[in-house]
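Hi everyone, thanks for coming. Let me put the structure up, and then we can walk through a surface patch and some aromatic pairs.

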Amino acid sequence: MSNENFNPLELLRTKFRYPFPTLKNPHADQLQEITENQWIDGEYMWLYQNNPDLRKKYKKTKTAHIAAQWFPTASAERFRPICRLMLWTLYNDDLYEESSPDDIDDVHAQSIAILNGEISVGQSTIPLASMLASLRQELLQFIPEESMHRFTQMISRYFSGLKKEQEYKKNKMFPTTAECIVLREDSICLYPFLQLTEVETGVILPPEIHDHPVIRRLQALACHLVTFFNEVQSVVKDEATDSIYYNIVKVIQNERRVSLEEACLEDLRLHNEDLKEFVALQASLPDFGVWHEAVVNWVHYMSMVLSGWKNISTKLDRYNKTEFPSASELKETLGHNQFQ
């Protein structure tokens with residue numbers, strides 16, 4: 001089968017469909033301005049002081065507008081830490097995409113220690129320490145320590161996924177499709193955001209709800225769905241940056257020896273299976289007693305992440321053109337010593 005006329009982005013636009021509402025936070029522009037002026041060109045300017053082009057690329061990613069689709073009803077004040085997290089995920093991904101797996105362990109440990117309040121920025125050696133410290137401070141205005149701890153555990157899962165990705169890349173080895181789905185569930189970094197619905201709604205759910213198998217499954221499915229969408233979207237970028245070893249589409253292609261188009265269609269089939277399960281679970285949630293309405297609402301917010309991601313990401317230059325920063329640019333700007 002020929003790939004000549006196959007356009008992955010067209011497949012995304014026409015075949016990846018979500019039966020969920022799409023809302024957008026009215027504070028998106030305000031927070032995007034803060035992101036660009038106070039953070040990218042302010043607090044975190046030193047990360048790439050001499051690289052205005054790179055700063056421009058980050059601005060074009062419109063992180064506050066992505067967050068606005070995921071957290072459509074948060075007040076400006078509650079929306080702020082969510083936007084800071086969104087920028088952090090981007091920075092962190094790009095900084096460590098090319099690192100060796102061993103380097104990730106130290107960044108992982110320090111990041112978690114800062115988020116847990118166990119070490120100060122001064123005691124840390126990682127570039128994004130102050131960003132994480134600010135994030136902790138801002139989140140604790142709205143959620144208790146217990147929720148913060150759960151959020152931090154989800155950040156930890158993201159780092160574990162990131163490390164596994166680097167191991168496959170370093171060894172130039174493909175996982176199986178099943179292994180890749182499990183790995184990407186963590187590395188896509190959606191779990192931390194799903195915990196922050198508590199920041200948006202102001203409703204703090206008890207641990208037994210967070211631990212409930214149906215709620216855990218719904219979150220896992222949400223991570224899978226965003227990943228299946230993302231893999232088709234970034235397959236060209238991943239081919240360019242040698243990140244094919246953990247792109248599900250490329251993994252399917254390797255495992256089945258099929259064309260890119262066939263691999264994308266298999267990815268779509270897996271996506272639709274998980275979407276069907278998500279919709280079925282959402283429609284028949286168990287009875288959560290006094291918390292039932294709050295849980296229904298949380299799952300509703302979870303669903304808007306899926307439709308919101310499609311809505312915003314199909315418009316982003318980061319995926320649709322070559323607007324992604326290269327790791328070598330980032331390494332240069334941070335100085336070689338950070339990566340030794």
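Let's start on the surface: V203, V290 and W291 make up a nonpolar patch with about 280 Å² of accessible area together. Patches take residues with over 30% relative accessible area and no salt bridge, joining like charges within 9 Å and nonpolar side chains (Val, Leu, Ile, Met, Phe, Trp, Tyr) within 5 Å. A salt bridge means a Lys or Arg side-chain nitrogen within 4 Å of an Asp or Glu carboxyl oxygen, and areas are Shrake-Rupley values with a 1.4 Å probe, where for residues only the protein chains shown count as cover.

Please keep in mind that this is a predicted model, where local features need pLDDT of at least 70, side-chain atom pairs need 80 or more, and totals for chains, interfaces and linings use all residues. Residues are numbered from 1 along each chain as its sequence is written, and side-chain values use heavy atoms, leaving out hydrogens and water.

Where is W291 found? It sits in the loop between helix 15 (260-283) and helix 16 (292-313); helices are DSSP runs of H or I, at least four residues, numbered from the N terminus.

Now the rings. The whole structure holds twelve aromatic pairs, meaning Phe, Tyr or Trp rings (six-membered for Trp) with centres within 6.5 Å; planes under 30 degrees apart are stacked, over 60 edge-to-face, the rest tilted. One of them, F20 with F278, is edge-to-face, at 5.7 Å centre to centre and 70° between the planes. F20 lies in the loop between helix 1 (8-15) and helix 2 (28-43) and F278 in helix 15, so the pair ties together parts 258 residues apart in sequence.

Finally, ring pairs link W70, F71, F193 and W309 into a cluster.

Definitions and conventions:
Helices (H or I, at least four residues) and strands (E, at least two) are DSSP runs, numbered from the N terminus.
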